[in-house]
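Subject: Structure for you to look at

Hello,

Here is the structure I promised to pass on. Please open it and keep it beside you while you read my notes.

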Amino acid sequence: MSGTTQPVGSTAAGTTVKERAELALNDEFLRKAVKFTTERLRGGKLKASEEHGNWDDWRERGRQIRLHTIAHLDYYLNLFADNARANGVHVHFAHTAAEAVKLSLAIAERNDAKSVVKSKSMVTEELHLNHALESIGVEAVETDLGEYIIQLAGETPSHIIIPAIHKNRYQIAALLSAEAGETLAPDTTVLAGFVRKKLREKFLEADIGMTGCNFAIAETGSMVLFENEGNARMVTTVPKTQITLMGMERIIPSWSDLEVMATLLPRSATGQKLTVYMSGITGPRRAADADGPEEMHIIIVDNGRSNQLGDPEFQELLNCIRCGACLNACPVYRHIGGHAYGGTYSGPIGAVLTPALQKNVAEWDDIANASSLCGACYEACPVKIPLHDMLVYLRRRKVEAGHGSKLESLGMKGFATVMGSAGRFGGVLKLGKLGQKLVVRGGVIRTKLGPLKGWNTYRVAPSLPKQSFRDTWATLEEEIRVGLRETAPDVKQRLEAVIRERKQKEGGSLHG
Amino acid sequence: MAETGMGSHRDWLAQLESESRAKQQAFMDGIATKLGRPRVTSAPAHPFRGAPDFWNGFEWPLEERIERFTDNFKSVGGHVERLADMEAVKRFIAAKAVELKARYAVRQNQPELAAIGLEEAMPEVRFAVWNTDREEHWMARAAEADIGVMLVDHAAAYTGSLAVLSSKDTGRSVSLLPTVLIAVVPIERLHTRLGEILVPFDEAGREALPAGIHFISGPSRSADIENDLTIGVHGPGIVYALLVG
């Protein structure tokens, strides 16, 4: 239901992060729910990663596998497409969202589809596919419990793992009662029982099952789905036709590599050792099989992803495995919730991915300011994507592209100077503690001038504590940065050479 | 809208395929250009393939595998029983059917299950054996079943997971649609790590893989309503793993 018409309620209605965040911040329930859930998920993740042991070795392995695959993406994606086709899958390529939508609609029309059952897919959210299907008279039913709830509410997901994080059970009971035509008690078991029964009917009558894709295995042409409810299994088992939409970067080389991803993804997302279901689908049903789809399509979607290739600052975005750990770790997300980010992807990953995919820094510029650059996202990331660095690059590119004011340009130069030296940063903080005396009123800072401008225009910053986080963790930032520089200097150098070459050829910024 | 003849549908798919193949070239060329190098057409060396070395040698002795599997499976709401032989499996399932007042059941068409005479042991239950009649609507039979019974291909103790492979005789629906799932795990199929099950899929190669490979780690669950854990949202809400031998 994430069409072009803006839904009502707590969903994004404002046009800037500032306005949307104000809506989110005014919603007491949302704030509590987001905080509760993200803390629970974060706690689960920390417990699961500690229990497993050698967590940093696994992260590093995960990162290396993703770096290797993306660095040779033409080879592995081509191999995947050839193998999937050999398995009997109809493979398609879409450069843009519009092309992917057109292909999906053509498949639906050709199969005379009346209804489509969907399991959770961020790509289809990105494409606003439900809206498009409805425009040709095809019912699109979300079957993940949380997604089904927010679809009934006419809203968009606010968390990548728990989409209906912002709804309480009384609101959910009201929505489901309207659907049932009778009053359902606000009891989780009753509500889930109703959804099970209702969606069973939908699964059995649907013409098409539509899924996303967590990983695509190049060497065997298989696609892999992780889930807890069983709805993705229903979608890939019951309907006659299956359509899978996958981002072009979802590739891993082998089932052996899947062990690493299966170790990192569930632990990072929900703290589980493995999701209840992990399914590897290799082609449509075999001739003698009695279930599974007879016709299977995989649509490989670019939609802005390839813009990150060869870009030394943003290529690692393609390593993302969509676990949501950075959302749960982010103090800003925990405070404002997902809808405030305004795009399909929220939290630190959304703050970078949305403008990167859309290639329009100008329109999304304020989203990069919705971060405190504390580095918690990097530490939480199972494949070590330096999101906090990317947020800084994004702000710099915005300024370079002429979307910043004179004052901000000065600020960025100052920022670079300060961030270049941990000692200087500490000094500035100390200065800040003195300087803030001029602007602190009643323990908070409300001024919209100077270095806290971007932050304070949509929230009230607490005054700096006498002993700052920086003072206690003086070397953390430095460790992260130095550590990063040491891990892949060759990759970085090569990419930087490429970008210099390309800039000479094209004479412009990649994201501008 | 849709063409009715199969021929025209096939023509249409063929047309899509030729468009797809042309686009595939453009896609891959575009990727190589953006990466600033020629196309990579032979397999690159992948020094970081699979799990780290320290992990690959890791294996628990059998009794510990049983203990860890049991702990993990129970911790997510599953049930585990250790049984001496297939005769005990039959008695357990028959007693469970009576206890749960089961009326319909479905089982995979596996020789190990046929050998113990499950159907004869519970004459009051209408038993369907997967895909034994081409005319039957097998998904409907699985959907109406109170109990689904299957022999698993593999299990992994470290994550508390069962693994099942689809085939003519083993439907994906049997482990998915019934209310209660009973999984028989011959003890020699219980491994320590997921990798012991996954790596052989690479070794077997594409053509040897079935359409569906499913790892199942407990009952279907959701925490989507106020973080309140619900069991049995779409898949089976009650799952038994019977460790045999």
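Start with chain B. Its 6 strands form an open sheet. The order is β1-β12-β7-β4-β2-β3, and the pairing is parallel. One caution before you go further: this is a predicted model.

Which strands stand at the edges of that sheet in chain B? They are β1 (79-83) and β3 (126-129), and each of them pairs on one side only. From one strand to the next, the twist averages 20°.

Now zoom in on one pair. Strand β2 (residues 104-107) of chain B runs parallel to β3(B), and 4 bridges link them. Find Ala105(B) there: its bridge partner in β3(B) is Phe127(B).

Two helices of chain B pack on this sheet. Helix α3 (residues 62-75) touches β1 and β12 (238-244) of chain B. The direction of α3 makes about 150° with that of β1(B). Helix α4 (residues 86-99) of chain B touches β1, β4 (147-151), β7 (180-186) and β12. Its direction makes about 160° with that of β12(B).

Next, chain A. Here 6 strands form an open sheet in the order β1-β10-β7-β4-β2-β3, with parallel pairing.

Strand β2 (residues 115-118) of chain A runs parallel to β3(A), joined by 4 bridges. Val117(A) has Val141(A) as its bridge partner in β3(A).

Helices pack here too. Helix α10 (residues 188-205) of chain A touches β2 and β3 of that chain. The direction of α10 is at about 135° to that of β3(A). Helix α4 of chain A lies across β1, β7 (241-247) and β10 (295-301). This helix runs at about 145° to β1(A).

Then see how the chains meet. In total, 118 residues of chain A are in contact with 95 residues of chain B. The size of an interface is often given as the accessible area lost when the parts come together. For chain A and chain B, that is about 9,000 Å², with 57% of it on carbon and sulfur atoms.

What holds charge against charge is quick to list. The rule finds 3 salt bridges across the interface of chain A and chain B. One of them joins the side chains of Lys23(B) and Glu99(A), at 2.6 Å from N to O. There are also 53 residue pairs in polar contact across the interface.

Which element gives the largest share of the side of chain A that touches chain B? It is helix α4 (residues 73-86) of chain A, with 11 residues. By class, that side of chain A has 49 nonpolar, 38 polar and 31 charged residues.

Last, the strands that pair between chains. Strand β9 (residues 277-281) of chain A and strand β9 (residues 212-216) of chain B run antiparallel, over 5 bridges.

Best wishes

Technical notes. Residues are numbered from 1 along each chain as its sequence is written. Chains are lettered from A and ligands numbered from 1 in the order in which they are written. This is a predicted model: local features need pLDDT of at least 70, side-chain atom pairs count only at pLDDT 80 or more; totals for chains, interfaces and linings use all residues. Side-chain values use heavy atoms; hydrogens and water are left out. Contact means heavy atoms within 4.5 Å. Buried area is the accessible area (1.4 Å probe) that two parts lose on being put together, summed over both. A salt bridge is a side-chain nitrogen of Lys or Arg within 4 Å of a carboxyl oxygen of Asp or Glu. A polar contact is a pair of N or O atoms within 3.5 Å; within protein, one must be able to donate a hydrogen and the other to accept it, and residues adjacent in sequence count only if both atoms are side-chain atoms. Ala, Val, Leu, Ile, Met, Phe, Trp, Tyr, Cys and Pro count as nonpolar, Asp, Glu, Lys and Arg as charged, and the others, Gly among them, as polar. Two strands pair if DSSP finds at least two bridges between them. Axes are lines fitted to C-alpha atoms, for helices over the stretch in contact, and angles run from 0 to 180 degrees between N-to-C directions.
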